[in-house]
Amino acid sequence: YMHLSTDAEGPRALCDLCLAQVCRSLDALCSRRADGSMCLSWAPLFPQEMVDQLLHKMATKGILNDTTVGIFRNCKELRLRRASIRCCPVSAEAFRLALCPHRLQELDASWVSGGLTGANIISGLASNPECRSSLQRLSLSGLRLDWESLEEDGGSRVGFSFLQGLRTLNLANTDLTDAVLEDICTLPQLESLDISCSPVSNLTALLDCKNTLRSLIAHRLRQLDMSPARLLFVFNQLHALRHLDFSDDHITVDSDGRDGDETVRQLLEGSPQVLPSLVSLDISGRKRVTEAAVRAFVEARGGLVFLGLLATGASSCHVLSSHKNLKVTGEANENQVCEALRRYRDRECFIREALVHLYNLVTDIDNPRPDMLKLVLSGMQSHPSSLHVHLVATACVFNLTTQDLAEAMPVSLLSSTVTQLLNAMKTFPNHQQVQKNCLLALCSDYILQDVPFDKYLAAMLVINWLSSHEDPTLQRMAVAVISILVAKLSTEETAQLSKDVFIMKQLLAIVQQKAMVGVVDSTLKFALSALWNLTDEMPTAARNFIECQGLELYEEVLESYYGEPSIQQKLLGLLNNIAEVEVLQADLLEEDLLEHILSLLQDSQVEVGVRYFAGGILAQLASRPEAWTLGDELRSTILKQLHASIITWPQLEREMVSYRSFHPFCPLLQTCQPSGVQLWAVWAIHLVCSQNISHYSSMLEKEGVTELLKNLAAHPDTHSDIKGLSDSILHMVEEHHSRVTQGPSTTR
């Protein structure tokens with residue numbers, strides 16, 4: 001079964017769906033070795049690329065660990081070439097057994113947790129003679145190298161230089177030392193090196209690979225200790241260099257980057273003979289970069305394709321726009337800002353900076369920009385715990401999805417975005433502005449109704465937020481969001497949510513606060529709707545409602561809002577939910593309350609919607625003479641009035657109510673019930689079926705209601721009014737059934 005998504009992205013590839021299925025079924029497909037690791041019970045010879053993809057899928061789904069990585073010990077059937085265990089908890093031992101025996105060409109072990117160090121990886125890979133020559137790309141970003149722990153190997157210490165085939169090496173965010181850099185620079189084919197955010201202090205070793213090095217990424221070298229003249233001397237010798245990133249974090253000032261800034265100034269203003277092959281230069285975040293220097297540099301180099309100028313103050317230089325093939329990161333226009341968000345995904349300082357500029361660009365945007373939303377989302381995903389990123393990103397999300405902009409976005413993109421907003425609400429529970437931004441973005445009919453996301457989690461987060469905030473505008477939004485979400489939950493989730501007395505108290509407090517001043521506004525309506533939905537066939541919630549003094553409050557509100565049908569309907573709807581719970585009926589048997597509800601039922605000036613719910617409460621209570629504790633006269637008046645009133649009700653056009661099930665109606669449809677009780681139940685079922693028979697038809701069959709209606713229609717004592725409606729419902733069901741079984745007609 002393939003789910004075809006209708007988004008712009010098109011359906012997922014079959015291969016991807018199959019790999020996802022393998023990941024889900026790993027337990028069933030595997031046996032366990034003595035050490036607890038997994039082993040495929042039956043492994044065919046996999047196509048090689050599929051093995052790389054399977055490992056990658058397991059890593060991105062978060063299921064790759066010491067146990068599951070065991071399946072890759074079958075190196076005959078599962079042959080890895082490009083292995084990624086990024087961010088996975090893998091230990092040194094599991095790495096040695098599962099990955100080192102393969103003839104790897106690439107390995108990404110960035111940010112691996114589980115105690116695996118750079119030293120473990122190098123000695124493990126070097127122990128496989130095939131890897132020594134086959135491995136071309138290696139990424140150890142974010143790891144502790146722990147170099148001192150490497151033992152001497154037959155007199156010489158194992159080092160990077162053992163992996164003679166290495167062309168690309170990423171050691172950003174590691175404890176790289178000058179001595180290890182010297183070892184690395186002896187590699188005969190080294191083309192690309194990333195030493196960003198490492199404590200390296202001297203780059204002279206680079207001269208050893210000056211004829212092969214094509215790309216050097218040296219972002220934010222805080223401990224670099226070289227004079228501008230010395231640095232330029234080294235750069236000047238790198239004849240093959242095409243890409244140089246010498247950018248710096250412009251915000252933190254924990255060290256003096258002045259020598260670096262001066263080097264950059266001299267590089268820009270120096271002769272074109274320095275780094276003659278350069279096609280890409282990144283100096284974002286550097287101070288003292290002038291537009292004149294940028295102009296001179298660009299004009300002297302026709303082949304330039306990229307220039308990083310974010311946070312330098314020089315990105316609005318005119319010469320940049322005249323070079324058609326030149327991509328620039330900066331803040332002068334939309335292209336530069338988006339380029340920055342694309343390129344600097346892993347650099348929090350630049351993502352923050354670019355998002356601030358993006359926010360200014362999208363403040364009054366009126367055309368949908370899914371491309372921008374994707375960039376904002378990827379920034380949030382790359383920095384899940386950064387308050388600075390989320391503060392600006394959530395504001396950007398609101399601006400990019402507000403009004404009708406959301407409807408033009410791919411649903412899967414919105415779905416991921418909302419998930420990220422909920423993560424932000426969870427991660428920064430006490431940050432007012434982040435919570436407010438997320439709430440503003442969530443408060444969209446389209447997003448709440450049509451976009452799939454975890455509605456239960458969202459409801460919980462918004463309710464928690466509500467408890468500590470008084471701001472009326474935000475309160476209105478929060479209650480609106482909760483009310484829509486509650487209606488969307490599954491029965492199990494509603495049950496879970498309605499056990500929480502805290503939620504009940506929150507919503508009742510809002511009703512009370514509004515009723516005290518007598519306003520009719522959307523906050524009050526949303527709060528009443530949420531309470532109504534929460535108690536729908538949820539006895540626990542109904543009991544909580546009574547224990548939180550909800551009944552007393554609702555009696556007052558019923559009287560004070562007598563002329564407000566939209567409010568009355570919601571109040572009576574909830575009282576209906578209570579009346580359906582036998583053990584709680586006694587709480588409703590109060591003469592004043594029932595007299596009031598009876599007067600609503602009888603008043604022909606009152607809307608049918610209100611009279612309908614009033615009738616439901618009375619029908620439920622009057623259907624059980626054994627539990628009736630008030631006078632007999634009141635009960636017989638109620639029964640008479642039910643029949644007399646309902647017979648006069650017109651058929652309603654618009655949908656007024658929907659039912660999760662018909663169980664509460666079954667006791668009312670027994671042939672022994674008084675006609676007033678039966679009539680209310682039959683009228684109610686007739687109403688919803690005539691509006692949506694396709695939804696209710698199977699429910700009637702499944703829950704035995706069709707059977708009860710047939711009994712009623714056939715029983716000699718059944719009132720003719722009830723027989724008529726019962727027959728009508730049965731007729732609708734039959735018609736629907738024959739339409740469905742025949743299928744669409746193909747005759748013309």
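1. Glu106 counts as partly exposed, at 24% relative accessibility (buried means under 20% relative accessible area, exposed over 50%, and partly exposed in between, with a 1.4 Å probe and protein chains only). Its salt-bridge partner is Arg82, with the closest N and O atoms 3.1 Å apart (a salt bridge is a side-chain nitrogen of Lys or Arg within 4 Å of a carboxyl oxygen of Asp or Glu). Because Glu106 belongs to strand β4 (residues 106-108) and Arg82 to strand β3 (residues 82-84), the pair ties together parts that are 24 residues apart in sequence. Helices (H or I, at least four residues) and strands (E, at least two) are DSSP runs, numbered from the N terminus. Arg82 is likewise partly exposed, its relative accessible area being 43%.

2. This is a predicted model, in which local features need pLDDT of at least 70 and side-chain atom pairs count only at pLDDT 80 or more, while totals for chains, interfaces and linings use all residues. Residues are numbered from 1 along each chain as its sequence is written, and side-chain values use heavy atoms, leaving out hydrogens and water.

3. The chain has an average pLDDT of 93, and 96% of the residues score at least 70 (pLDDT is the predictor's confidence in each residue, from 0 to 100). Over residues 1-8, pLDDT stays under 50, and the model has nine contacts beyond four places in sequence for this segment (contact means heavy atoms within 4.5 Å).

4. The structure holds 27 salt bridges. One of them joins the side chains of Arg347 and Asp245, at 3.0 Å from N to O. This pair links distant parts of the chain, 102 residues apart: Arg347 sits in the loop between α12 (334-343) and α13 (348-361), and Asp245 in strand β11 (residues 243-245). Both Arg347 and Asp245 are buried.

5. Asp371 and Arg369 also meet through their side chains in a salt bridge, at 2.8 Å from N to O. Asp371 is partly exposed, with 36% relative accessible area, whereas Arg369 is buried at 15%.

6. A network of salt bridges links Arg222, Asp248, Asp261 and Arg286.

7. Helix α10 (residues 291-300) has Ala293, Val294, Phe297 and Val298 buried. Viewed down the axis of α10, its buried residues fall within an arc of 125 degrees, so they line one face of the helix (the arc is that of the directions from the helix axis to the C-beta atoms). The buried residues of α10 pack against α9 (258-269), β12 (280-282), β13 (306-308) and α11 (319-322).
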